[in-house]
Amino acid sequence: MHEMGICDGIVRAAVEAAEQAGATRINSIEVTVGELTEIVEEPLQFAFDVLRKGTLAEEATLSVSFIAAKSQCADCSAEFGHSRFDAKCPECGSFMVQLLQGRELRIDAIDIDE
Amino acid sequence: MRVDIAKGILEKNDTLAEENRRLFAESGVFVVDLMASPGAGKTSTILATIAALRDRYSIAVIEGDIASRVDAEKISAHGVPAVQINTGGACHLESDMIRRAVDTLDLATIDLLIIENVGNLVCPTDFDLGEHAKVMILSVPEGHDKPYKYPNIFQVAEAVILNKYDTMGVFDFDESEFREVVGRLNPTAPVFAMAATKGDGVDAWATWLSDRVEAAKGGAA
């Protein structure tokens, strides 16, 4: 629902890094999105189509890698992957778990022409 | 040529949120961000909270809405400072909006700042405002199935208010199932059954909140 704002952050960060590197164009942008965020790929790509116009990323592709949720149990230290709904430790049944990954919203890298 | 960036997409928002948090800590202000659907009773909950705690604490409110000053006027009518933010279409508040609103308040005189986020169960969850706690309000007429449909908001909240509890008999709301699912999503969050407009159940919520306000005051520089 708020992919436009998120995508604005992606394009800005990519363009800033590209300018610093003296790029003439951005070929691709790689981002990582945690599965526990509210980001959906299709509206993100739609927003990207709109926002890349008139920037160094005009011809760029946006590649999105989703990363699954993973937590560590605070009681028995077991690490386990899970969906939104069962963040319960499969080893000891504890609910006291610490999220290790799954809420990422990260721009990893860009590919540019100098 | 590949250029590594490895940077948070919301870094700008998160950096400003941390600045907000530092500003609040310096002034000993506890900040709570209320999130809910439109019509769940965010403003009514704020008014009930003001009634319960105004003798003990100096309270201010930031109202986030797409348009209008309706909510800020409701709060101001009770003699509490209220700043209205109109997002002009945006579905959530961001940390720079909070910063601009906070700049119009005298933080040194405030103990508790309540932020009413834009009515939405999705977008506010991804944005750190610099608040100390996000709290989620679900109203009984919305149905007990909402944690299945909007799990994220129940997970990022530190407490859940079940509002319009007095209408329980009218709607097909399975309270035990609701509490069970919320407990699975967020085992440490208390669920406060409340009827904000009638004042029922407000005490338990106000006690939870005032414990947090005291902790923030104690930690002030």
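I noted the conventions before looking: residues are numbered from 1 along each chain as its sequence is written, while chains are lettered from A and ligands numbered from 1 in the order in which they are written. The model is predicted, and local features need pLDDT of at least 70, side-chain atom pairs count only at pLDDT 80 or more, and totals for chains, interfaces and linings use all residues.

I looked up the elements of chain A and found 2 helices and 6 strands (DSSP runs numbered from the N terminus, H or I of at least four residues for helices, E of at least two for strands), which follow the pattern α-β-α-β-β-β-β-β along the sequence. The radius of gyration, taken over C-alpha atoms, is 18 Å, well over the 13 Å that the globule rule (2.2 Å times the number of residues to the power 0.38) gives for 114 residues, so chain A is more spread out than a compact globule. I also noted that the C-alpha trace spans about 55 × 30 × 15 Å along its principal axes.

I then turned to the sheet, which is open, has 3 strands in the order β4-β3-β5 of chain A, and pairs them antiparallel (two strands pair if DSSP finds at least two bridges between them). Because β4 (79-81) and β5 (97-101) of chain A each have a single partner strand, one side of each is left without a neighbour in the sheet.

Looking at one pairing, I found that 3 bridges join β3 (residues 70-73) of chain A to β4(A), and that Ser71(A) stands opposite Phe80(A) in β4(A).
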